[in-house]
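Below is what I looked up, entry by entry.

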Amino acid sequence: MLLARATEDKLASLYRAGMIKGGVFLGKGQEALSTASAIFLRKGDIFGPLIRDQAGRLAFGDTVLDTFRTYLGSAQGPMRGRDGNIHRGRPREGYYAMISHLGAMVPVVAGGLYARRLRGETGVVGVTSIGDGGTSTGAFHEGINLAAVERLPLVVVIANNQYAYSTPNNRQFACGDLLDKAAGYGIAGYKCDGTDPAACLETLHMAVQSAREGNGPQMVVATLLRLVGHGEHDDAGYVDASLRKANVGRDCLEVGANQLAENGLARPEDIAAWTKEAQAEVEAALNKAQREKGPDPSAEEWCAISTARLIDGHSGAEEE
Amino acid sequence: MSVTYLEAIRAAQEKALAEDPRVFIYGQDVGVFGGAFKATKNLAAEFPGRVMDSPLSEDAIVGMAIGAAIEGARPIVEMQFADFSTVGFNQIVNQAATLYYRTDVPCPIVVRLPSGGTLGAGPFHSQSMEAIYSHYPGIVVMTPATVEDAYSMLLEAVSIDDPVVFCEHKLLYYHLKAEKLPDTAMPAGKARIARAGRDATVVTYSAMLHESLQAAEELVQEGWQIEVIDLRTVKPLDTDTVLASVARTGRMLAVGEAWPWGGVTAEVIARVATEGFGLLDAAPMRLNAKETPVPYHPDLWAAHRPTATTIAARLRQLLTQ
């Protein structure tokens, strides 16, 4: 959580300095839920993160270096300058690379699990996350319904962060609680306080465990408030000020620090030291990524398929 | 013994399932029922657990196939009608088509689209989607016109590592027959000269091949020899074969069942005009369906799509230009 926060704080300042190639979309306030989403996954599991999952990505094994490489467009990053920011992934390692269309990863992660089952693998889990806005998409519905019919070990984590871009919950869905949807799909559902790291860990542990044991798809709905705009270009002026002051507006990092202190697990000075450590790691990764080159358009393989003999050679592009 | 176009598609899937344990079939009613057109008849019994009914969810069906492909499977998905693939469009053009370029991970899925018009099928069961999918980089689009190609190209579609939109024509399902399935095949991506001629070239594909061949026969009586090219695959498009033919004949008509705006015929003409302008003795022409939704009544439908009669008429214009 600390590493994700340090990474994102740096990304925000780089964005303001005009040093990022594209948009910056942060998960500030969602670190507890996001970390919990991925931390119980093992090698061989599948993680299909969404935009606010910097923390979950790191928990699944993504590196701070690859984060900066992608935002800076380094040719050495996993996306080689071909796609940016939150779209990064390493699908061969079970770390799927999201597309911008919300909900679309739900059936894709389900498909990964389906293939694993066809191969006879058991005990595999796939986690994907989504926001309150994404729950309105057809892909979300179709994907969960399919996973439910197939009884796939899919965990869908919903961060109800109160706003989809600027659209509040009451313009997004009319059910009393997003958790009601779980019953509609015939799957298990859990609720938790997304600002509470201990609660997030406990809930996700339960959900992942249950999916791993073969109990079909699981849905987790966590309530929290995103503490930043939709992207760094957005000042989030539309957020109701009373929400910020309410329980839902708590910073999960502060809640976590208090929980550690209360349980005698870490003192504030420990957390300060870990924060410094995280910041140093971020600086080192950034320095390295900044020294790397971007892609070379003249050396780029401008080819979208892998079967060389079926590449369309007469697309109207200029001849070499 | 003879084999229909539909039986060839079924036989190809049976062979693919038998030879490669990574292959599975997923789609609406493809299981015990054997598919809306029976293209998967008996396969569920023959390959238990590998030919499965899906929910009515085109987006999820394609998305699921993509996830499975990432994990090394080789899924074949059936869209009950090509028209319904619009519901899965996002997954095809944004997820499947971008995967390899973005991540270096190929996406070996086959999306079977029962395509094109039939009698009384109307606006939502008649569409030809090949141009739309061809427009996006990252997708191979196959449009077999013969029983032999339906078989061999579907096998090839399963074997290659990239997403293939396989446009099989419903009108050809039951009526088109061959003596037997082929042992050897012309590879996808190569066009075939279906009929040799010297006076003009018709470039076409799928069901329009048969209308075009009939038109060419009609014109023999008037002294014209028409060359007919079956593109077989619209993406990639075999421009070389088209240009070589136009070099011989000097005149070209591109025929497609799809709507006229943009599309395969437009692409063929654009390529010939930009790369083979000097080969042309007359302005290239094209013939497509009319620019309306596909009508329901058989009389309207017959007038909506190009037919041997309208192709022959357009050829007469081209030949006397």
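This is a predicted model: local features need pLDDT of at least 70, side-chain atom pairs count only at pLDDT 80 or more; totals for chains, interfaces and linings use all residues.

**Entry 1: a loop residue in chain A**

I began with A:Y165, which I found in the loop between strand 4 (163-164) and strand 5 (167-168) of chain A. Helices (H or I, at least four residues) and strands (E, at least two) are DSSP runs, numbered from the N terminus. Phi of A:Y165 is near 50°, a positive value in a residue other than glycine.

**Entry 2: ground rules and confidence**

Residues are numbered from 1 along each chain as its sequence is written, chains are lettered from A and ligands numbered from 1 in the order in which they are written, and side-chain values use heavy atoms, with hydrogens and water left out.

I checked the scores next: ipTM is 0.95 and pTM is 0.96. Chain B has a mean pLDDT of 97, and 100% of its residues reach 70 or more (pLDDT is the predictor's confidence in each residue, from 0 to 100).

**Entry 3: where the chains meet**

How many residues does each chain bring to the contact? I noted 46 residues from chain A and 52 residues from chain B, with contact meaning heavy atoms within 4.5 Å. Together chain A and chain B bury about 3900 Å², 56% of it on carbon and sulfur atoms (buried area is the accessible area, 1.4 Å probe, that two parts lose on being put together, summed over both).

The rule finds 26 residue pairs in polar contact across this interface, both residues at pLDDT 80 or more. A polar contact is a pair of N or O atoms within 3.5 Å; within protein, one must be able to donate a hydrogen and the other to accept it, and residues adjacent in sequence count only if both atoms are side-chain atoms.

On the side of chain A that touches chain B, the elements giving two or more residues are helix 5 (105-118) and helix 6 (138-150) of chain A. Helix 5 of chain A supplies the largest share of that side, nine residues.

**Entry 4: one salt bridge**

I counted four salt bridges by the rule between chain A and chain B (a side-chain nitrogen of Lys or Arg within 4 Å of a carboxyl oxygen of Asp or Glu). I picked one of them to follow: B:E156 and A:R309 meet through their side chains at 2.7 Å, N to O. A:R309 lies in the segment after helix 11 (268-291) of chain A. Not counting residues up to four places away in sequence, A:R309 touches B:E156, B:I160, B:P187 and B:A188.

**Entry 5: inside chain B**

B:D149 lies in helix 6 (residues 147-159) of chain B and counts as buried because its relative accessibility is 6%. Leaving out residues up to four places away in sequence, B:D149 touches B:P144, B:L154, B:D230 and B:R232.

I followed that list to B:R232, in the loop between strand 11 (226-230) and strand 12 of chain B. Phi of B:R232 is near 65°, a positive value in a residue other than glycine. B:R232 counts as buried, since its relative accessibility is 0%.

Last, I found a cis peptide bond joining B:K235 and B:P236, with omega about 5°. B:P236 sits in the loop between strand 12 (233-235) and helix 9 (239-249) of chain B.

How values were computed:
Buried means under 20% relative accessible area, exposed over 50%, partly exposed in between (1.4 Å probe, protein chains only).
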